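Dear colleague,

Here is the structure I said I would pass on. Please look it over, then read my notes below.

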Amino acid sequence: MSLTDLGAANQSVTGLVWQDTSGGSQPTFYIDDIAFSDNADPNGPVFGAVSLQRSAVLADGASGVVVKAAVSDPQGQADIASVTLDGTPLGRGEIALQDDGRHNDGPANDGVFGAVVTVAPGTSSGEVRLTLTARDQANHTSTALTGALVILDTPGGTVPAALPTGPAWGTNQWSETVGADWQVNSGVPWQYVYQYITYDWYVNGWGGNFVGRFAEQTWDKGYIPVISVYLMLGLTPGCTDESAACYAAKLQNATAVNNYLAAIAAAANQAKGSQPVIFQLEPDFYGFMQQKNYSDGQPQPDSPANYPVALNIAGYPNDLRGFGRRVVDVIHQTAPNALVAPHASMWATDGDPNSVPAAEVAGLAQSTATFMGAMGGAQADLYFVEWSDRDSGCNHPTECNPPRPWWDTANLTLPRPSRAVLWANALSAAGGKRLILWQVPSGNMSLDNTEQHYQDNRPAYAFSHVRDLVDAGILAVLFGGGASHSTQPNTDGGFIQAQGGIAYASPAAPTGLTAGLASGPIVPLWWTENSEPDLWGYRLSYQPLGGGAVTTVDVGIGNTASLLLPTAGQ
């Protein structure tokens, strides 16, 4: 049975459904075995590794994605007639890949074909797979699929003026002990550091002025402090379990509501100053509350008005909308230097981006943006998002039960990072906010899966796909373990420190710049492709012989360019 006959040629098949089309009763039948068989001619070309340098790109007609494919042929490389990519999902036509050393393909004639592709303006955002076709001289063909590529929407909002505009990094590593601060000792120019406060801080003080001490010392070290507010869980009076039902009950207690607002005002008062500080509001709280709307079957699950709150403050409704807005206003009014960032959870709508069809992901994010926007998000400055609260390799019996799933960083199978990026981009666009990716698990694949040394592959992905994250709307990435036994940046064997240093370092200067023969006033140029996985692109500078003004142009991610000679004969 040819997949072409099923209308599924060159598609990713996730299931087969057998249906009765006759309208009558049918006898039971059994399938003893089912498998896919390759009908490619054994004499045709053979695909090896296929890769995308980026896995998310804006539909702006300019941002480039490098596509590479290793292709061989039983009759030898000379028998390969063409390698092409179907650009239809990108709003393009057929795109040729080359093996000439000038199309980001490495050395010429090495069997690796490459091209730089862009997405046509106006192409709808979403997740696509691209099909490559290799053809030989006898017209035998073979095909291969790339990993998922996210076509990004324009992210919402702008980077707040008080924050860095470029990609930024940080961790949870902070110490008051002189000489013991890991971020300082790492030698990496980190830009953020975060610390939790719980309701116990408000009750017991944590040595007095803890938030103020943290903010002041962080500013002195050249970082932006992030205060991860976890007050709701321990808030009294009331229940102590981490659930939406418990939180809803607390919020109907006027004493508990007043205690919360007094605590958040005290934190903001301690954080007052002349430099920026970010209040990350209540990881999981917003998600729990929206999720309960869905699990309870509320007719308007994206409305926080379903939860009554004993607020009783003029100008604010006595429900979760008013409470959320009041929290944001208290921080802004108490500490004008503070930015407020509620935490958005990917699972808040009872549907995970990695468990639904790609076409539904944006809708999940838009629903969460609606819910959060109505309870103070519209007045906030940023949103925080999270990938996972534990390392995937963690097998701790209590902290990692159940274990967290591994993500396929090649973006071939689910779960995969591309879905998280698609969701975050849709949240940014719908919510009108830029994002900070928080508490990314700190493990790496060289660890031995013992306590504080658990493996994970997401830090490596974040460092190698920073352009994807920035274009999606993420302005900073913060690493840290989510529990006491998790891998931390200072227990990971030096991976995050090393990668942070690379992230902040300038790329190597390109080599092998070569000028071809001029065709009229146009001179073709090419150079050896750089190897940095986080490379954003190249700039070409040129100057007339004998001196004069230097002109610099951005030529994108490709390793070739055409130079228009500025003066005849030069």
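A contact here means heavy atoms within 4.5 Å. On that basis, take contacts in the chain between residues at least 6 apart in sequence: 68% of them join residues at least 24 apart. Please keep in mind that this is a predicted model.

Overall picture first. The chain holds 12 helices and 23 strands. Of its 570 residues, 49% count as buried. Along the principal axes, the C-alpha atoms fill a box of roughly 85 × 80 × 45 Å. The radius of gyration is 27 Å; a compact globule with 570 residues would have one near 25 Å, so the chain agrees with that expectation.

Strand 8 covers residues 131–136 and pairs with strand 9 in the antiparallel sense over 5 bridges. There, threonine 131 stands opposite leucine 145 of strand 9.

Two residues deserve a separate note.

Phenylalanine 113 sits in strand 6 (residues 112–117). Is it buried or exposed? Its relative accessible area is 10%; the cut-off for buried is under 20%, so phenylalanine 113 is buried. Leaving aside residues up to four places away in sequence, phenylalanine 113 touches Val67, Lys68, Ala69, Val71, Gln77, Ile80, Val83, Leu97, Gln98, Asp99 and Asp105. Tyrosine 542 is 429 residues from phenylalanine 113 along the chain, and their C-alpha atoms are separated by 29 Å.

Aspartate 534 lies in the loop between strand 20 (522–528) and strand 21 (538–542). Which side chain of opposite charge is nearest to aspartate 534? That is arginine 467, 11 Å away. A salt bridge needs a side-chain nitrogen of Lys or Arg within 4 Å of a carboxyl oxygen of Asp or Glu. Aspartate 534 has no salt bridge, yet is buried. Its contacts, again not counting residues up to four places away in sequence, are Phe463, Ser464, Val466, Ile502 and Ala503.

Best regards

Notes: Residues are numbered from 1 along each chain as its sequence is written. This is a predicted model: local features need pLDDT of at least 70, side-chain atom pairs count only at pLDDT 80 or more; totals for chains, interfaces and linings use all residues. Side-chain values use heavy atoms; hydrogens and water are left out. Helices (H or I, at least four residues) and strands (E, at least two) are DSSP runs, numbered from the N terminus. Buried means under 20% relative accessible area, exposed over 50%, partly exposed in between (1.4 Å probe, protein chains only). Lys and Arg count as positive and Asp and Glu as negative; His and the chain ends are not counted. Two strands pair if DSSP finds at least two bridges between them. The radius of gyration is taken over C-alpha atoms; the globule rule is 2.2 Å times the number of residues to the power 0.38.
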